Amino acid sequence: MSKKYYLFADRPEQLEARGIGRLAAKISIKFHTTVSITGEWLEAFWCDRCQRTKWYYVCKTSDRTYDLVLAPDELWQRVTGVVHPNGNPSVSEFTRREARVKKYQGVKAFNTIC
């Protein structure tokens, strides 16, 4: 039903849990910061019984075998191509507020700061 949102690892422990050696995991994270994980992703599926879309964590185990588990919330923090639920953390509150303003006020908007 949806596109696949692939997972990435940003800590060596996440790579170690997938069978990569400790030293190799540390080196990979040190040089690449994040490493994409092949064979694992989040995807939405339509449920005919409850008539709702549900998000699942999909893990490819072999050539034609997949494990499906309802996606836990913490996995969304390790998915590529997804907008942060609380907005970009590097953007200030002033910028967020100004982005919601329908009419451009120019310099007048800065009067609220003083």
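**Talking through the model**

Me: Before we start, what kind of model is this?
Reply: It is a predicted model, and the values I quote are computed from it.

Me: OK, strands then. How do β1 and β2 pair, and over how many bridges?
Reply: Strand β1, residues 5-9, pairs with β2 in the antiparallel sense, and four bridges connect the two. Within that pairing, tyrosine 5 stands opposite leucine 42 in β2.

Me: And how many bridges join β2 to β3?
Reply: Eight bridges join β2 to β3, and these strands run antiparallel. Tryptophan 46 is placed opposite threonine 53 of β3.

Me: What about the hairpin of β2 and β3, how many residues sit between the strands?
Reply: There are four residues between the strands of that hairpin, and glutamine 51 there takes a positive phi near 55°. Glutamine 51 belongs to the loop between β2 and β3 (52-60), and its relative accessible area of 49% is why it counts as partly exposed, given that exposed means over 50%.

Me: Which other residue has a positive phi without being glycine?
Reply: Threonine 33 has one, with phi near 65°. Threonine 33 lies in the loop between α2 and β2, the latter spanning 35-47, and with a relative accessible area of 55% it is exposed.

Me: Switching to cysteines. How many disulfides does a search of the whole structure find?
Reply: The search finds zero disulfides.

Me: Is cysteine 47 buried or partly exposed, and what about cysteine 59?
Reply: Cysteine 47 has 23% relative accessibility and therefore counts as partly exposed, whereas cysteine 59, at 19%, counts as buried. The cut-off that matters here is that buried means under 20%.

Me: Salt bridges next. How many are there in the whole structure?
Reply: A search of the whole structure finds three salt bridges. One of them joins arginine 18 to glutamate 40, with the closest N and O atoms 2.9 Å apart. This pair links distant parts of the chain, since arginine 18 sits in the loop between α1 (12-16) and α2 while glutamate 40 is in strand β2, 22 residues apart.

Me: How accessible are arginine 18 and glutamate 40?
Reply: Arginine 18 is partly exposed at 31% relative accessibility, but glutamate 40 is at 8% and so counts as buried.

Me: Which residues form the other salt bridges?
Reply: Glutamate 13 forms one with arginine 11, where the closest N and O atoms are 3.5 Å apart. Glutamate 93 and arginine 96 make another, at 3.9 Å from N to O, and both lie in helix α3 (residues 93-100), three residues apart, which is about one turn of the helix. Glutamate 93 is partly exposed at 46% relative accessibility, and arginine 96 is partly exposed at 25%.

Me: Last topic: which residues make the nonpolar surface patch?
Reply: Leu23, Ile27 and Phe31 make that patch, which covers about 350 Å². Leucine 23 is found in helix α2, residues 22-32, and counts as exposed because its relative accessibility is 61%.

Notes. Residues numbered from 1 in each chain as written. Predicted model: local features only at pLDDT ≥ 70, side-chain atom pairs only at ≥ 80, totals over all residues. Heavy atoms only, no water. Patch = residues over 30% accessible without salt bridge, like charges linked within 9 Å, V, L, I, M, F, W, Y side chains within 5 Å. Areas by Shrake-Rupley, 256 points an atom, 1.4 Å probe, with all protein chains shown as cover. Salt bridge = Lys/Arg side-chain N within 4 Å of Asp/Glu carboxyl O. Buried < 20%, exposed > 50% of the residue type's maximum accessible area, 1.4 Å probe, protein only. Pairing = 2+ DSSP bridges. Disulfide = S-S within 2.5 Å.
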